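Please read each point with the model open alongside.

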Amino acid sequence: MSLIDGTTSRSTSWTNLGNLLVVYLVWGSTYFAVKIAVTGPPSIAPLQLQAWRMWAASALLIAIGLSRTRRFPVLSAKQIVICAASGILMWVTGNGLATLASRHAASGFIVMAMGMIPIWTTLISSVIDRTPPSRNVVVGLGIGLSGLFLIVGPPVFLAGSASVETGYAVWLAFILCAAGLTWSIGSLIQKPLFAATSPVWAAGLQTLSAAIVLTVICWTSQTSLLPPVDIAPVQLTAFLYLAIFGSVASLLAYITVMKIYPPTVVSTFAYVNPLVGVVLGWVALDEKPALLSMIGIALILAGVSAIIVTSRRS
């Protein structure tokens with residue numbers, strides 16, 4: 001291998017790592033931004049926020065796609081269905097349900113509860129590929145999920161938790177479990193799109209599909225799409241962050257990461273995101289984690305390390 005080839009290889013490796021870090025850090029902060037946007041004051045309906053976010057993200061992504069290719073991609077009927085289905089699963093049910101939960105739970109709790117995504121992704125991927133995960137990967141997932149139980153378990157099973165609004169614990173558990181499951185399915189079924197079009201166009205059409213469905217849901221549920229006239233500057237800032245970084249930049253990075261790394265590595269973002277979410281909630285919203293949560297975070301990091309090391313060796 002020549003010096004130029006070696007330099008290019010190292011540059012590509014750093015670029016791939018950079019995309020993974022964007023997914024780790026930016027998505028870890030999105031539920032913090034969601035919490036700020038929906039609670040206000042004035043309060044904003046989670047469905048309303050998610051619809052705005054998807055329309056803004058799709059417009060930005062399609063504009064980027066047109067600036068690069070000067071034309072819309074040509075997709076088969078099957079590819080269009082996959083694009084729409086994955087977008088709806090990821091952004092209407094997956095991220096949308098997690099956004100809905102933000103009204104009744106701390107931002108750190110939501111992002112930590114979404115740590116179920118790795119187990120769903122690994123299991124579904126194993127079923128699709130008909131290859132069971134290795135023993136080390138299972139051990140890593142077990143360690144990580146044990147940590148998540150220490151974080152999520154007390155608010156769900158014990159009364160008086162500051163992380164969850166009284167009376168919503170069980171509802172939130174089901175909602176966030178469904179959110180993680182549908183996100184995982186959507187992220188896995190989108191793989192055929194990688195060979196058919198660029199990540200920009202795939203993401204743009206996915207978010208456009210989600211925006212259309214969310215708008216229909218708003219109309220049928222009589223939820224207003226118009227923002228409050230007295231929306232606070234901090235809410236507007238949170239929305240712009242969600243649209244530009246939380247939806248566009250991070251989604252492009254996520255799709256790129258899906259093409260490069262195996263699902264077991266990609267899904268570890270749901271382990272690292274809680275660290276970012278907890279720190280932001282603690283510092284900015286005074287959502288202080290309990291001692292068990294701190295122990296859980298340590299276990300999560302151990303699980304992430306086990307999965308990544310195993311995947312690199314294989």
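Predicted model: local features only at pLDDT ≥ 70, side-chain atom pairs only at ≥ 80, totals over all residues.

**Notes on burial, ring pairs and helix packing**

1. C218 is buried at 0% relative accessibility, where buried means under 20% relative accessible area, exposed over 50% and partly exposed in between, with a 1.4 Å probe and protein chains only. C177, by contrast, counts as partly exposed, with a relative accessibility of 30%. The structure holds 0 disulfides, a disulfide being a pair of cysteine sulfur atoms within 2.5 Å.

2. Residues are numbered from 1 along each chain as its sequence is written, and side-chain values use heavy atoms, with hydrogens and water left out.

3. The aromatic pairs come to 8; rings of Phe, Tyr and Trp (its six-membered ring) pair if their centres lie within 6.5 Å, and planes under 30 degrees apart count as stacked, over 60 as edge-to-face and the rest as tilted. The pair of F72 and W201 is tilted, because the ring centres are 5.2 Å apart and the planes stand at 50 degrees. F72 belongs to the loop between α2 (46–69) and α3 (77–101) and W201 to helix α9, so this pair ties together parts that are 129 residues apart in sequence. Helices here are DSSP runs (H or I, at least four residues), numbered from the N terminus. W201 is buried, at a relative accessible area of 2%.

4. W183 and Y254 also form a tilted pair, with ring centres 5.7 Å apart and planes at 50 degrees. The pair links distant parts of the chain, since W183 sits in helix α7 (residues 169–189) and Y254 in helix α10 (residues 233–260), 71 residues apart. Both W183 and Y254 are buried. The two residues also belong to a cluster in which ring pairs link W27, W91, W183 and Y254.

5. How do α9 and α10 pack, and at what angle? The angle is about 120 degrees and the axes are 9 Å apart; axes are lines fitted to C-alpha atoms, for helices over the stretch in contact, and angles run from 0 to 180 degrees between N-to-C directions. That makes α9 oblique to α10, since angles under 35 degrees count as roughly parallel, over 145 as roughly antiparallel, 65 to 115 as roughly perpendicular and the rest as oblique. The crossing of these two helices, α9 and α10, is right-handed; a crossing is left-handed if the near helix is turned anticlockwise from the far one by less than a right angle, and right-handed if clockwise. On the α9 side, P199, V200, A202, A203, Q206 and T207 meet L251, L252, I255, T256 and K259 of α10.

6. Helix α10 packs with α2 as well, at an angle of about 50 degrees and with the axes 9 Å apart. The two helices, α2 and α10, are therefore oblique to each other, and their crossing is right-handed. From α2, residues including L49, W52, R53 and M54 meet residues of α10, among them F239, L242, A243 and I244. L252 of α10 takes part in this meeting with α2 and also in the meeting with α9.

7. T197 lies in the loop between α8 (193–196) and α9 (199–220) and is buried, at a relative accessible area of 13%. Apart from its neighbours within four places in sequence, T197 is in contact (heavy atoms within 4.5 Å) with P73, L75 and A202. H104 lies in the loop between α3 and α4 (107–113) and is buried, at 18%. With neighbours within four places in sequence again left aside, H104 is in contact with S163, V164, E165, Y168, W171 and L172.

8. Which residues other than glycine have a positive phi? R70 has a phi near 65 degrees, and D286 one of about 60 degrees. Most residues other than glycine have a negative phi. R70 is in the loop between α2 and α3 and is exposed, with a relative accessible area of 71%. D286 is in the loop between α12 (269–285) and α13 (291–313) and counts as exposed at 54% relative accessibility.
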